[in-house]
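This briefing covers one protein chain. Please look over the sequence and the model before reading the points that follow.

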Amino acid sequence: MNRERSPGMKLFMAGVIAVVLIVPLLMVYALVYDRETQSQAAQQQITQGWGGPQTFTGPVLVIPFMAETVETEVVDGVNRERRRQVRRELFVSPLTQSIETSLAPDRKGYAIYESVVFSGALGGTATYQLNSELDRLDVQREALLFDEAELRFGVSDTRGLSDSVSVVAGGEALELSPGNGPLATGGNGFSAPVTAWTGEAPLEVRWSYGLRGTRSLSLIPRGGDTEWSVTSTWPHPSFTGNFLPEPTLTETGAEGFTAVYPGITNLALGQGLLTLSDLTVSAHAPVTSSYPVDSSSTVETSGGQAVTIGLVDPVDLYSQVDRAVKYGFLFIGFTFAALLMFDIVGGARVASAEYLLTGAGLVLFFVMLLAFAEVWGFVLAYVTASASIIGLLTAYNAAVLGSWKRASFIGGMLAALYGVLYVLLNEETYSLVIGSLLLFGALAGIMFATRRVDWAGIGRGEEPETDHSGIPA
C-alpha cells in the first residue's frame, strides 16, 4: 500500500493510463477518416448531376491527308517493295489564342455535406496558319484534305456542358458534334467540321460555351501563344500547375479574384505548331480530371501541361479535426501533469479511475468537435466542444482535488491549451515552433515544481520519523 503512494508509482500509473488512452484516440482518428470518406461519396453524388473537376483545352484544327508508305515483303525469297496510300491526320495548334473565363461559384449540399461548384462562361479566339513545319514533317500541301478538316474542343467532363455552345470559323457558324475531343482530355469534348478553309489565308475562329464543374478548372495550353484570363467572385483561389499567373496582373480579395496568364508560348511548352499525332497529358501535369488519359497512344511531341485554378474551401473541417486529434496526447499529457503536481506536491489524492475519467473527457472533445463541425461549421463547433469539456472537467476536478481554486487552475490551463491548439490549426508555418516552445515551458514548469521530490521514496506523512534505533520519534 505504501508503494502505491510513492511519487514514482503515481507517475508510472499516470503514464500507463495515458498510454491506454491512445486506443480511443486512434478510434477517433479512424472515425474522422470514415466521415471524410462519407463526405467524399456525398460530393460524388453532387457531381453526378453537375460535373466534376473540369479540364479543357482550346480548339485544335485537324486536317486529314493521304500519305504514301513503302512496305517491304518477301515473295518467293525475293524482297519486293509495296507502295500504298494511307490516311493520316495533321494536328494544327493555334498560332495565337486568347481565352476569357468567368466563374460563378456556389455551394451544393447533399444531406449535411457540401461541395464548392461553379458555373463557368468560356469564350475565346484562335488563329490558325500553316507554316514551314509542313516540309519538316514531309507533308505535301496538295495532299491535305481541307474539305474534311475539323476543329476539336476538349472538355474532360461533358456532363457540365451547357446548350449555349457556339463556334464560328472564317465568319461561318459551324455545326457541332459530340465526342472526338483531343487526347489531352481523354478524347472527351466536341468537334465541328471546317469545310470552307483552303489553307492559304489564316483561319480565324471564335468560340464560346458554358461549363459547370466542381472545385477546380484546368486549362491545357497549346499553340504559339496562349493568353488566359479568369475572373470570379470566389475569395480563396488556388493557382497550381506548370505555369502561374502574372503577379502584377493578378488580384485576390474578399470580392473575388482576377488572374491573367499573359503569354504561354510553344517554346515554353516544348511543342511544335504542327504535329502528326495528338498530344496527351504528361505524367507530371496536375490535371484534376476523373477521366483517364489514353497512355497507350504514341505521341511524337512532349505531353500537354496543365494550368489549374482551384476554388479552395478555406476551412476543410476534416483536415482540421484530423490535425486536432494528432495533438490529443498533448492535452492528456498536460492535464495529467497538472493532476500529478497537485497529487505529489500539493497533497491531493488522485486515483487511477479519476485519471481515466479525466482522459476520457479530453478524448470526447474530439468526437464532439467532429460531430458539431459537420452541422455548424468548424469555428462554432470548436467553441462549443471546448467550452463543454472545460466546464465538465473543471467541475469534476473541483471534487477530485477538493478545491475550486485548484480546479480553476485545471480549467484555465485547458482554456489556454484549446486556445493554443486553435492557433496551431490555423498557423501551419510556425506550428512546430509554437508546439516545441509550449512543451519546453511545460517541462521547465514540471522540473521546477518537482525539484525536491523523492521519486523513489514514500509520500510525506505516510510513516512517522524514527531514530536510529527504529523507535518512532
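A residue is called buried under 20% relative accessible area, exposed over 50% and partly exposed in between, using a 1.4 Å probe and protein chains only. This is a predicted model, in which local features need pLDDT of at least 70, side-chain atom pairs count only at pLDDT 80 or more, and totals for chains, interfaces and linings use all residues. Residues are numbered from 1 along each chain as its sequence is written, and side-chain values use heavy atoms, with hydrogens and water left out.

**Overall make-up**

- The protein chain has 10 helices and 17 strands; these are DSSP runs (helices H or I, at least four residues; strands E, at least two), numbered from the N terminus.
- Of the 473 residues in the protein chain, 45% are buried.
- Contact here means heavy atoms within 4.5 Å. Among contacts in the protein chain between residues at least 6 apart in sequence, 76% join residues at least 24 apart.

- Helix α1 (residues 7-20) packs against α6 at an angle of about 160 degrees, with the axes 11 Å apart. Axes are lines fitted to C-alpha atoms, for helices over the stretch in contact, and angles run from 0 to 180 degrees between N-to-C directions.
- That angle makes α1 roughly antiparallel to α6. By the cut-offs, angles under 35 degrees are roughly parallel, over 145 roughly antiparallel, 65 to 115 roughly perpendicular, and the rest oblique.
- α1 and α6 cross in a right-handed sense; a crossing is right-handed if the near helix is turned clockwise from the far one by less than a right angle, and left-handed if anticlockwise.
- On the α1 side the contact is made by P7, K10, L11, A14, I17 and A18, and on the α6 side by F329, I332, F336, L340, D343 and I344.
- These contact residues of α1 and α6 comprise 10 nonpolar, no polar and two charged. Ala, Val, Leu, Ile, Met, Phe, Trp, Tyr, Cys and Pro count as nonpolar, Asp, Glu, Lys and Arg as charged, and the others, Gly among them, as polar.

**Helices α5 and α9**

- The axes of α5 (residues 317-326) and α9 (residues 404-426) come within 10 Å and cross at roughly 130 degrees, and the two helices are therefore oblique to each other.
- The crossing of α5 with α9 is right-handed.
- Q320, R323 and A324 of α5 meet L421, L424, L425 and N426 of α9. Four of the residues in this contact of α5 with α9 are nonpolar, two polar and one charged.

**Individual residues**

- D138 lies in the loop between α3 (133-136) and β5 (149-155). D138 has a positive phi of about 60 degrees although it is not a glycine, and it is exposed, at 63% relative accessible area.
- R215 sits in the loop between β10 (203-214) and β11 (216-219). Phi of R215 is also positive, near 70 degrees, in a residue other than glycine, and R215 is partly exposed at 30% relative accessibility.
- T258 belongs to strand β15 (residues 256-265) and is partly exposed, with 30% relative accessibility.
- Leaving aside residues up to four places away in sequence, T258 touches V230, T231, L249, T250 and E251. T258 and T233 are 25 residues apart in sequence, and their C-alpha atoms are 8.9 Å apart.
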